[in-house]
Amino acid sequence: MKKLAIALLLLAFARSVQAAENPFLDLPDSHSAAFSEGQNAALLNPVFADTYSAPALSYRYLQYENKGTGNHIGSIGIEGFSFTYGWFANVYNKRQREVQNPGINFYNISKGFFFNNFWGFGAGYSFGTSRDSSYDRYKSLTLGLLLRPSRFISFGGAVNDLFGTIGGGQLKHREVYAAALRPFTDRVTLSADASRFSGQSFRNISWTFGAEARIFYDISLFAKSGEGRDFNFGFRVPVSVFSISGQYNNYKGGAAAESLGISIPFRQGEGVSAYGKILALSIGNIREFEKESFFGKRRPNLTDIIMGIRCASTDSEIKGLIIEVNAADFAHAQEIRGAIQAFRASGKPVYAVTASPGNTAYYIAAAADKIYYAPNSMFGLPGLSANVYFFKKLMAKIGLSFDVFKHGKYKSAYESFTNEGLSPAARENLISIVADLNEQFISDIKNDRELSDQNIARLFEESILSPTDAKELGFIDEDDYYEQALYDLKEKTGTKAIAGFNSYIAVNDISSGIGKKDFSWGRKPVIAIVHVDGTILQDESALLGNGIGTGTYLDMLTEVFEDSSVAAVVIRISSGGGSALASDFMQYGLVNLQKKYSKPV
């Protein structure tokens, strides 16, 4: 009797050990430890939770042939984290070569760290429960590495089921060594993965080979084959604001499974529309740069707008541009006009809508193909002017005077406090600047709109025109609303889909300067833009943030020069001036950093 009990115990233990197999190692989309794009990629190598391909929100349905009940897998990817839940009614047991139905609740959390598209590491923890004791109490740890030293090769490695257990038995951890190659272009990827379980000889290592081709509109076809008769193939198609993927798996034991998945990015705008999209932009109160806000989204700054429009000009999916225009700084307006003209040069239409009777709003709108003006708003261009205010008498009434030392008769920055009116030199200087800018302004809108000198003269004489008169004189094309302009542009381009500008620059990574969805490997050299915005001061930081101090500027310069990924530096100045001594310190610091790091500026 004792021997029989021992035999039964050994038999039960043997069954437990035999069933101690991880059914989650080869889920759909776990393509290669060196290259994976699917929604379950982080389960194989956690680094993929922090790559550009990590999904935002995804769902996959998987069903084995001849099984009525399917499996459900959902995941969320955000900020380098991937959270996955799966309900597995059925799993394929490779050892026994059969589909079993244990009913497993599967959970995983993975975190990846991927630096400058060059190298990274990650970790993931999985656990699960099952109604079948052989698959119950599952837990495991996964570690992963990724190295992409150049644009054509990628290395990956992972250890799955570290300290893993299932059904009361110890799981053997699996080591995966992978390499992916792009021999021709980033549209074709070949991969090879070598895997072994703990205790297994390297001579008995298992090999898996894969291939993926990214064809037009970023539609992908892929296939993977392992030893024996294990193989799978599938597709991935970005459509409008989501992407769909399908996959067929065939296992060595003859079992087969099909799956269909959908992935929805949090940043809307990804994917392909069959007829293209219209890019919609609103311009108003533009700043040189915008700081990140904890309580709200960062608005597009001037660089975002310029680069976004130029990116869209070469984007085959963008068929037209509609701009709602409000006032802007004159210099900003000139740069935006240049981007609009480059967009039009690509053969795509630009429609502008404005209800603001102002110089710069119209200046931007004039660069478009058509201008729509609100029917109930009066049209007027006052022309460029400058105003100077004087406070000497006001200060004298409260017993204050202002003394300043200056060199040169055109140094007039403080005349508002020392004079009661413009000095002849200051007046000459100001009139010269305004006259020059006004000549640019009138010349540009005259050429844009093919306006006659008589019509321009009439506008400035009358100051204000009705939209009807403005249309008759050629200043606008239609006195109508934004909705009508959008409808007309849809009719002209033959597309109904709209891409919001904020979403477009986010999806296309405009802020990083890439300009389109980037599939490349290896380090990404960047150009750093250092903004000198506001009054130049000698202290560390400016009063109320309205300016820039020497210390702040030199800290920014040091950071970008020391960053190995920064290939060049652009210093963009939007300042009326300030402290001469501070400016000298800033110039001296820049020269020293250039000598030390030899980066073009």
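Modeller: Start with helix 13 (residues 550–562) and helix 14 (residues 580–597). They pack at an angle of about 10 degrees, with their axes 10 Å apart. The model is predicted: local features need pLDDT of at least 70, side-chain atom pairs need 80 or more, and totals for chains, interfaces and linings use all residues. Numbering runs from 1 along each chain as written, and side-chain values use heavy atoms, without hydrogens or water. Helices are DSSP runs (H or I, at least four residues) numbered from the N terminus. Axes are lines fitted to C-alpha atoms over the stretch in contact, with angles from 0 to 180 degrees between N-to-C directions. Helix 13 and helix 14 are therefore roughly parallel to each other (under 35 degrees).

Now the contact (heavy atoms within 4.5 Å). Helix 13 brings T550, Y553, L554, L557, T558, F561 and E562. Helix 14 answers with A582, F585, M586, G589, L590, L593, Q594 and Y597. By class, the residues of this contact are 10 nonpolar, four polar and one charged. Nonpolar covers Ala, Val, Leu, Ile, Met, Phe, Trp, Tyr, Cys and Pro; charged covers Asp, Glu, Lys and Arg; the others, Gly among them, are polar.

Next, helix 3 (residues 302–313) and helix 4. Their axes lie 8 Å apart, at an angle of about 10 degrees. That angle makes helix 3 roughly parallel to helix 4. From helix 3 come L302, I305, I306, I309, R310, A312 and S313. Helix 4 supplies H332, E335, I336, G338, A339, I340, A342 and F343. This contact of helix 3 with helix 4 holds 10 nonpolar, three polar and two charged residues.

Helix 4 (residues 330–345) also packs against helix 8 (residues 424–449). Here the angle is about 25 degrees and the axes are 12 Å apart. Helix 4 is therefore roughly parallel to helix 8. Their crossing is left-handed (the near helix is turned anticlockwise from the far one by less than a right angle). On the helix 4 side, F330, Q334, R337 and Q341 make the contact. They meet L437, Q440, F441, D444 and D448 of helix 8.

Toward helix 8 they include Q334, R337 and Q341.

Terms used
Helix = DSSP H or I, 4+ residues; strand = E, 2+ residues; numbered from the N terminus. Parallel < 35°, antiparallel > 145°, perpendicular 65-115°, else oblique.
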